[in-house]
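The stops below go from one selection to the next.

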Amino acid sequence: MTINQASELSIGVSSETGTLQRLLIHSPDRGLGKVVPSKAQDWLFEDIVHLDTMRRKEYDYYVKLLLYFLDPDKIKGKIADINDDPTRSFFIPGTEKYFASDRVVDIQRLLGEILEDPGTRTKLTAAICGIERCSYQIQEELGTFDAHELARIFISGSCSDQRMLFAPLPNLIFTRDIGIVINDHILLNKPAKAARTRESILAQFVFFYHPMFTHIRGNLIEIPENERHFLLPDDEKASDYQRCTLEGGDVMMVAPGHLLIGCSERTSIYAAQQVMKILFDKNVVQKITIIKIPKKRDYMHIDTIFTQVKKDVWVLLGSLARLGDEARKKDVLHFFAPADANKEFKILQFEKGKEQQPIEIENLEDLLTAISRKDLGVKGPVRFIYSGGNEFPYGEREQWTDSCNLLALRDGVVIGYDRNDKTLEAFKKEGFKIISARKLLEKFEYEDLSPENLTDTFITLPSAELSRARGGSHCMSMPLLREALIRES
Ligand SMILES: NC(=[NH2+])NCCC[C@H](N)C(=O)O
């Protein structure tokens with residue numbers, strides 16, 4: 001491998017909007033088509049989904065776009081052929097026509113590759129059969145599949161003959177939540193929900209065994225469990241100060257040296273404190289801001305209430321931000337509200353070496369302004385775009401369908417769902433161009449536009465099915481490498 005190739009395969013994320021160069025994704029697999037209504041909520045979906053529509057008419061556009069931006073040789077000039085293929089083999093790891101990019105990487109492909117090694121295969125099969133309580137007979141049967149089919153089974157829970165062996169992992173499409181790259185380290189998660197447990201075992205094996213990550217093996221961080229965690233009462237009863245859970249949607253690397261951690265329905269204060277200790281000890285970051293948000297299904301992770309669009313532009317949910325606070329204070333009723341009503345939301349910033357004297361930040365806008373200005377060197381005004389234009393009742397409605405959960409492909413160029421009309425209007429008012437994924441791909445194919453020349457653009461992704469899964473394009477991505485964002489001077 002030449003140095004150039006080696007550096008291309010490196011890992012490094014120090015911002016939310018530096019040009020995206022590599023990421024981990026997962027295309028909806030056959031397991032999503034097996035969710036039954038009575039299990040949808042347990043498996044963290046709001047409804048059952050139509051798999052074919054979700055893939056062909058929605059998610060495949062996401063992959064095509066990512067390839068055009070990150071690895072154009074794999075896709076340029078081929079879109080008509082890809083669209084015409086009823087088998088979709090271009091998108092299926094382990095098949096002959098699979099795009100096999102080292103920049104847009106499906107975790108299923110990596111899983112298939114590590115399963116080619118007999119030792120890894122034996123270990124992982126035993127681990128999965130253990131947690132899924134498979135019979136000896138099934139364990140033996142799993143030995144008969146080739147590596148890529150076994151990867152499919154481990155993820156989807158079912159065999160190609162449609163037989164279900166164990167539960168699917170419908171949430172693996174949200175690769176954001178399995179781990180987070182923090183500079184050149186990877187922090188592995190500890191899922192809060194049982195439905196996501198198998199995901200973290202698969203992720204652990206991929207990060208520890210795949211050659212793509214060998215060079216950073218020493219930089220893989222696992223959060224230590226609370227000592228004697230096995231003596232704690234069941235999940236719900238154990239407190240936030242004892243339970244150790246953390247999901248990637250709550251962790252944001254916003255600037256070199258500055259990490260945000262959300263404490264939420266999914267991430268406990270205990271885990272946040274552990275991560276802070278490890279990262280400060282290893283000198284990975286110098287500043288960590290903890291944002292405690294209400295534990296509510298509506299905002300399961302902090303990336304469901306805000307994401308960064310551009311160095312000086314953020315999208316956020318007004319009712320949890322300063323705007324909401326001001327509105328509440330105008331209302332006389334607020335004097336009568338329970339004393340702890342406001343404590344559900346709290347921002348504390350910790351600096352390495354001064355952990356005992358955190359700084360309290362009053363609201364989200366103040367925090368985000370400080371990141372843009374102090375960390376990223378923005379001189380001009382910092383702009384906020386509110387979900388649903390902060391207009392009642394659209395703010396909440398559109399946040400529910402991920403208006404605040406955008407993925408920046410480069411500074412100012414984002415992908416988000418097409419259904420959040422009022423939020424899109426708000427983007428337009430701030431000078432953003434809105435273009436659908438389909439149109440944009442057409443323009444790329446005809447060379448009317450090219451990814452490098454786009455500025456201030458919101459690319460809309462069809463989302464009728466995807467939004468039922470309750471995650472947007474930010475959740476559907478685990479960035480592995482972003483170009484360093486140049487600080488304004
Ligand atoms: N980073 C995120 N916001 N991820 C969204 C995950 C959605 C998924 N259905 C869950 O509830 O777990």
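**A helix across a sheet**

Select residues 364-375, helix α12, which lies across β6, β7, β8, β11 and β12 and runs at about 40 degrees to β6. Helices (H or I, at least four residues) and strands (E, at least two) are DSSP runs, numbered from the N terminus. Axes are lines fitted to C-alpha atoms, for helices over the stretch in contact, and angles run from 0 to 180 degrees between N-to-C directions.

This is a predicted model, in which local features need pLDDT of at least 70 and side-chain atom pairs count only at pLDDT 80 or more, while totals for chains, interfaces and linings use all residues. Residues are numbered from 1 along each chain as its sequence is written.

Is Ile371 buried or exposed? Ile371 counts as buried because it has 24 C-beta neighbours inside 10 Å; the cut-offs are 20 or more other C-beta atoms within 10 Å for buried, 12 or fewer for exposed, and partly exposed in between, with C-beta atoms placed from the backbone. Leaving out residues up to four places away in sequence, Ile371 touches Val254, Ala255, His258 and Leu376. Such a contact requires C-beta atoms, placed from the backbone, within 7 Å. Ala255 is 116 residues from Ile371 in sequence, yet their C-alpha atoms are 7.5 Å apart.

**Stop three: the sheet**

Now show the five strands in the order β6-β7-β8-β11-β12, an open sheet with mixed pairing. From one strand to the next the twist averages 25 degrees. Two strands pair if DSSP finds at least two bridges between them; β6 and β7 (residues 258-263) have four, in the antiparallel sense. Val251 is found opposite Ile261 in β7.

**Stop four: β15 and its partners**

Move to residues 413-417, strand β15, where five of the five residues are buried. β14 (residues 407-410) pairs with β15 in the antiparallel sense over three bridges, and Ala408 stands opposite Val414. The two strands form a hairpin with two residues between them. Click Gly412 in the turn: its phi is positive, about 95 degrees.

Finally, select β17 (residues 457-461), which runs parallel to β15 and is joined to it by five bridges. Tyr417 has Leu461 in β17 as its bridge partner.

Note on methods: Two residues are in contact if their C-beta atoms, placed from the backbone, lie within 7 Å.
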